[in-house]
Amino acid sequence: MDPKFWLTAWEEGRTAFHSDAVHPALPLHEARFLGGGPHRVLVPLCGKTLDLAWLTARGHEVVGVELSEKAIVALHEREGRAPTVAPAGPFRAWQSPGLTVLEGDVFALTPDLAGAVDRVWDRAALVALDPERRARYVAMLRALVAPGTIVMLEAFDYDQARRAGPPHAVPEAEVRALWAGARVERLDERDGTEEMRARGWEIERFLVTTWWIELG
Ligand SMILES: C[S@@+](CC[C@H](N)C(=O)[O-])C[C@H]1O[C@@H](n2cnc3c(N)ncnc32)[C@H](O)[C@@H]1O
């Protein structure tokens, strides 16, 4: 998907991926994922998710990365935040207490811009990327974060032959191959078939898995 695809999706309001609730995996796994904090949590391809405010409200420093200015404006308006906006390398950095949103292409992210990240919340980020770009994305994240970083990832599995993404299918074998060398554990799994059928997806089965990925 080129940037235009996503910018157009935001312009046209095709944002079915957005939820008006905090993602349930965060409160469910809070003690384990976020215990011993505060942490610096990277939320790549963050859209206008409510997860950002939920994380900052718990004292974590949050860095979101998002292409769409429209999404970024919407999230700040919703949260009643008045960010400062300034250039930061190839990005525009929207800064407010506890939250930096970098407006631009996630592939331009560098350790300097991301800061000392030790947690990554990947919700609808990896699965939003074309197969060709997923390995590059994971390599970039690995180069960015501190040793011992935990990545919590939500990934989907369904018959990709029946339906083109995004969101793409990223089955267990691919998660494990992408994150080879890290400790990969399945945290939970649920059946999202009915939910996706309600969105018009004619598929047999849609599996939603939360993965725990611990970098050595
Ligand atoms: C499927 S949405 C998920 C948004 C958010 N994580 C959520 O859960 O609501 C993917 C988001 O990534 C953004 N995006 C896509 N490619 C990107 C890129 N290369 N760099 C930064 N953001 C990107 C899109 O604009 C879109 O908001």
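This is a predicted model: local features need pLDDT of at least 70, side-chain atom pairs count only at pLDDT 80 or more; totals for chains, interfaces and linings use all residues.
Start by selecting residues 40-44 and 61-66: these are strands β1 and β2, which run parallel and are joined by 5 bridges. The strands and helices named on this tour are DSSP runs, numbered from the N terminus (E, at least two residues, for strands; H or I, at least four, for helices). Two strands count as paired if DSSP finds at least two bridges between them.

Residues are numbered from 1 along each chain as its sequence is written.

**Onto the helix**

**The whole sheet**

Now show all the strands as a cartoon. You're looking at an open sheet of 9 strands in the order β3-β4-β5-β2-β1-β6-β7-β9-β8, with mixed pairing. Its edge strands are β3 (84-88) and β8 (183-191), each pairing on one side only. Neighbouring strands are turned against each other by 20 degrees on average, direction ignored.

Zoom in on β3. Of its 5 residues, the number buried is 0, so this strand lies largely in the open. Buried means 20 or more other C-beta atoms within 10 Å of a residue's own, exposed means 12 or fewer, and partly exposed is in between, with C-beta atoms placed from the backbone. β3 pairs with β4 in the antiparallel sense over 5 bridges. Click proline 87 and you'll find its bridge partner in β4, arginine 92. The two strands form a hairpin with 2 residues between them, and glycine 89 in the turn has a positive phi of about 55 degrees.

Head across to β8, which runs antiparallel to β9 and is joined to it by 8 bridges. Here aspartate 188 has threonine 210 of β9 as its bridge partner. Strand β9 (residues 207-214) also pairs with β7, again in the antiparallel sense and over 8 bridges. Select alanine 155 to see another bridge, with threonine 209 of β9 as its partner.

**Around the ligand**

Next, click the ligand. How many residues surround the ligand? There are 20, and the closest are Trp6, Leu45, Gly47, Val106 and Ala124. The shell has 13 nonpolar, 4 polar and 3 charged residues. For these classes, Ala, Val, Leu, Ile, Met, Phe, Trp, Tyr, Cys and Pro are nonpolar, Asp, Glu, Lys and Arg are charged, and the others, Gly among them, are polar.

Stay with leucine 45, in the loop between β1 and α4 (51-57). Its phi is near 50 degrees, a positive value in a residue other than glycine. Leucine 45 counts as buried, with 23 C-beta neighbours inside 10 Å.

Then hop to alanine 124, in the loop between β6 (119-123) and α7 (131-144). Alanine 124 has a positive phi of about 60 degrees although it is not a glycine. With 20 C-beta neighbours inside 10 Å, alanine 124 counts as buried.

**Two cis bonds**

Look for proline 38 in the loop between α3 (30-34) and β1. The peptide bond from glycine 37 to proline 38 is cis, with omega near 5 degrees. Another stop is proline 167, in the loop between β7 (150-157) and α8 (172-178). The bond leading from proline 166 to proline 167 is cis, with omega near -5 degrees.

**Zoom out**

The protein has 9 helices and 9 strands, and 37% of its 216 residues count as buried. Its C-alpha trace spans about 45 × 40 × 30 Å along the principal axes.

Terms used: A residue is near a molecule or strand if its C-beta atom, placed from the backbone, lies within 6 Å of it. Axes are lines fitted to C-alpha atoms, for helices over the stretch in contact, and angles run from 0 to 180 degrees between N-to-C directions.
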